Amino acid sequence: MRIRPTLSWTPTEGLPPGTTDLEPVVDALGGGGVLVLSGAGISTESGIPDYRGEGGSLSRHTPMTYQDFTAEAQARRRYWARSHLGWRTFGRARPNAGHRAVAAFGRAGLLSGVITQNVDGLHQGAGSEDVVELHGSLARVVCLSCGAVSPRGELARRLAEANADFAPVAAGINPDGDADLTDEQVGDFRVVPCAVCGGVLKPDVVFFGETVPPARVEHCRGLVREATALLVLGSSLTVMSGLRFVREAALAGKPVLIVNRDATRGDRHALTRVALPLGAALTTVADRLGLPGAP
């Protein structure tokens, strides 16, 4: 499965309006077996911006594509300089009320699984287990030559040693961990090779234009088939890798419920879209379900 580099989506007429009624979400979770599909919007309250919401990073930033990263040494230099700086912000980010509510749903046995399009690891940080990272994780690095996987912290240490004087001030941080830097700020940043074979290192994430591992996609499809309902949290569903699961759930007659302040590409397939801030909405749902330890 290949992520199409679709960076924007314009809502069409005829989409059902958003609501503030959380009862359908409460009812679905109360029955158990709900599959969560989360996007960048669930992490904004942790200080990580989303792509397409109000003030989203796409207004100033084009994400790296797999084709550019693999074809151009200068593109890799830009990416690693910006990502090295952005990683510090990701390292400081902490789970918010939305992540903690999802973890509470899981502890109560109400979820069949969690699929996240995010690469920030915040669901796991909140206590969610068996999270499927659809697009990978920034916490890992993979060599494109020998396939060796290593911790991001190890690479951060090596990059810091190779670029001791690198300390620019970024204009902003993006959902992919990329800091906004000019070419002048990137300068002659030194990229380090794989410590095993000397090959090209890449974050263990799926770039735009890259193929999601087929086994991972099939695992997610299996989770959709087993779920009683699909709950989408903080995703515009612009990218087909997430939207396809919404379509498959709807085609199978399973309720699709979306909590996202703005219209999404999956609204026409949904039973409801709750247009409320995620942290507050999910905290309210957890309270109504009487979950112990909920935020």
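The following legends describe close-up views of a predicted model.

Residues are numbered from 1 along each chain as its sequence is written, and side-chain values use heavy atoms, with hydrogens and water left out. Because the model is predicted, local features need pLDDT of at least 70 and side-chain atom pairs count only at pLDDT 80 or more, while totals for chains, interfaces and linings use all residues.

**Figure 1. Overview of the protein.** The protein contains 10 helices and nine strands; helices (H or I, at least four residues) and strands (E, at least two) are DSSP runs, numbered from the N terminus. Of its 295 residues, 54% are buried, where buried means under 20% relative accessible area, exposed over 50%, and partly exposed in between (1.4 Å probe, protein chains only). Contact is defined by heavy atoms within 4.5 Å. Among contacts between residues at least 6 apart in sequence, 75% join residues at least 24 apart.

Figure 2. Helix α8 comprises 13 residues, 214–226. The expected span of a helix is 1.5 Å times one less than its number of residues. For α8 this rule gives 18 Å, and the end C-alpha atoms are 19 Å apart, which agrees. The buried residues of α8 are V217, C220, R221, G222, L223 and V224. These buried residues pack against strands β1 (34–38), β2 (111–116) and β3 (131–133), and against helix α9 (240–251).

**Figure 3. The crossing of α8 and α9.** Two packed helices are described by the angle between their axes and the distance between the axes. The axes of α8 and α9 come within 10 Å and cross at roughly 35 degrees; axes are lines fitted to C-alpha atoms, for helices over the stretch in contact, and angles run from 0 to 180 degrees between N-to-C directions. The crossing is right-handed, a term used when the near helix is turned clockwise from the far one by less than a right angle, left-handed being the anticlockwise case. Helix α8 contributes V217, C220, R221 and V224 to the contact, and helix α9 contributes R244, F245, E248 and A249. By class, five residues in this contact are nonpolar, none is polar and three are charged. In this classification Ala, Val, Leu, Ile, Met, Phe, Trp, Tyr, Cys and Pro count as nonpolar, Asp, Glu, Lys and Arg as charged, and the others, Gly among them, as polar.

Figure 4. S43 is located in the loop between β1 and α2 (66–71). With a relative accessible area of 1%, S43 is buried. Its side chain makes a polar contact with the side chain of D120 at 2.7 Å. A polar contact is a pair of N or O atoms within 3.5 Å; within protein, one must be able to donate a hydrogen and the other to accept it, and residues adjacent in sequence count only if both atoms are side-chain atoms. When neighbours within four places in sequence are left aside, S43 is in contact with I48, N96, H99, N118, D120 and L122.

Figure 5. H135 occupies the loop between β3 and β4 (136–143). H135 counts as buried because its relative accessibility is 8%. The side chain of H135 makes a polar contact with the side chain of S241 (2.9 Å), and the H135 side chain also reaches the backbone oxygen of Q117 at 3.2 Å. H135 and R216 are separated by 81 residues in sequence and by 9.5 Å in space, C-alpha to C-alpha.

**Figure 6. Loop residues with positive phi.** D130 lies in the loop between α5 (122–126) and β3. Its phi is near 55 degrees, a positive value in a residue other than glycine. At 71% relative accessibility, D130 is exposed. L237, in the loop between β7 (229–233) and α9, has a positive phi of about 60 degrees although it is not a glycine. L237 is buried, with a relative accessible area of 1%.

Figure 7. L271 belongs to the loop between β8 (256–259) and β9 (272–274). Its relative accessible area is 59%, so L271 is exposed. Apart from neighbours within four places in sequence, L271 is in contact with P255, V256 and L257. L271 and A250 are 21 residues apart in sequence and 9.2 Å apart in space, C-alpha to C-alpha.
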